[in-house]
Amino acid sequence: MTLVKEVEDRKDGIKKFEISNQYIKVVVSNIGCRVLSIFTPDKDGKMDDIILGVENIEDYAVDGAYMGAVVGRVANRIGNAKFDLNGITYNLQKNNGDNHLHGGAEGFDKKIFSHEFLDDGIRFRYSSKDGEEGYPGQLDVLVDYTIKDNNFVINYEAESNKDTLVNLTNHMYFNLTGCNDNILSHSLMVKADKIACVDENCLANGEFLDVKNTPFDFNVAKTIGKDIDNDSVQLKNAAGYDHSFILNASDKQIVLESLEVGRRLTITTSAPAVQVYTGNFLSGGCVGKLGKLYKNRDGVALETQLLPNSINIESEPSVILRKGEKYKSYTAYCFEKNFFR
């Protein structure tokens, strides 16, 4: 049985909710449609929060690391903060050097979503106005957070009254130790034959790298730290892993595991790629939970999404949402029962 309840309602409009069952407790908020906490048991049955976050909920309004947020309209970077669509050039906010990142300076991570309760979760909605952050069309977004057995599931939908761009993801940072250590000893498996290469500004540049015999081959599980300091130009460009892995399977494409505490997360997504980001620039950000000052590598983000910079590097950009069509994507996070008591 799934329990859904509101646990905080602030005067500034920020609300907090809990979704839980016998396996998982997920705490979410309407600011940025954020996942604030996920509690799961370790091999001894001890419940810990396994995602990073800020100390005070109001600090999410100034969180530069996008912790737990739904980012959009377009996740990741758009080169030179502009794009052409239907013969028109659209100029976007430059909020990452010369590039546009995660929807701009006032992206979805800063917005207050409306909500309604479901039997097994919460449905969030946001209507992005025509011209918001430079994007064309009014975009109506729906995000469902639900718990089904030992799965936390995110469903995304969006529609626009004009042709526009959409690429939604959640920017949770996982740390399966309960955030008691960094993520370098975590084991990671990603079913992918190639990655999208990035330039020195972490922008996908249209080149692709076959992962075989490179530090980017996670087809056989290995620790994140094994090759992260390799002399690869790609790793140097991003100061670690911050690359889009092109998925080659339809289910259970990603597995993250901490053997030391006995937690395993298996991710199944309809998205064609996952951005693996090893928290390379976490140091010096917002004060974290319990006053902790996060360091680089304290969390790993596994952002299921379309290809970054798609509008500029794909011949038929997957990021384009046509008027009258519906954007749909889902990701299921399965906390495997064999680790539960």
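Predicted model: local features only at pLDDT ≥ 70, side-chain atom pairs only at ≥ 80, totals over all residues.
Q: What makes strand S22 and strand S25 a pair, and in which sense do they run?
A: Five bridges join strand S22 (residues 242–247) to S25, and these strands run antiparallel. Two strands count as paired if DSSP finds at least two bridges between them, so the five bridges of S22 and S25 meet the condition. Asp242 stands opposite Tyr277 in S25. The strands themselves are DSSP runs (E, at least two residues; helices are H or I, at least four), numbered from the N terminus.

Q: What joins S25 to strand S26?
A: S25 and S26 (residues 300–305) pair in the antiparallel sense over five bridges. Tyr277 has Ala301 as its bridge partner in S26.

Q: What makes strand S25 count as mostly covered?
A: Five of the five residues in S25 (residues 273–277) are buried. Buried means under 20% relative accessible area, exposed means over 50%, and partly exposed lies in between (1.4 Å probe, protein chains only). In a regular strand the side chains alternate between the two faces of the sheet. Ala273, Gln275 and Tyr277 point one way from S25, Val274 and Val276 the other way, and all are buried.

Q: Why is His100 called buried?
A: His100 has a relative accessible area of 0%, and the limit is under 20%, so His100 is buried. His100 is found in strand S10.

Q: What makes the approach of His100 to Tyr135 a polar contact?
A: Their side chains are joined at 2.8 Å. A polar contact is a pair of N or O atoms within 3.5 Å; within protein, one must be able to donate a hydrogen and the other to accept it, and residues adjacent in sequence count only if both atoms are side-chain atoms. The value of 2.8 Å is therefore inside the cut-off. A polar atom of the His100 side chain also lies 3.4 Å from the backbone nitrogen of Gly104.

Q: Why is Ile112 called partly exposed?
A: Its relative accessibility is 41%, which falls between 20% and 50%, so Ile112 is partly exposed. Ile112 lies in the loop between strand S10 (100–101) and S11. Leaving aside neighbours within four places in sequence, Ile112 is in contact (heavy atoms within 4.5 Å) with Gly13, Ile14, Asn30, Ile31 and Tyr126.

Q: What makes a set of residues a nonpolar core, and which members of the largest one touch the most others?
A: A nonpolar core is a set of buried Ala, Val, Leu, Ile, Met, Phe, Trp, Tyr and Cys residues joined through side-chain atoms within 4.5 Å. The largest has 58 residues, of which Ile38, Tyr145, Phe152, Phe174, Val190 and Leu302 touch the most other members. Strand S13 (residues 139–148) gives the most to this core, with five residues. A second, separate core of 16 residues includes Val27, Leu36, Leu52 and Tyr294.

How values were computed: Residues numbered from 1 in each chain as written. Heavy atoms only, no water.
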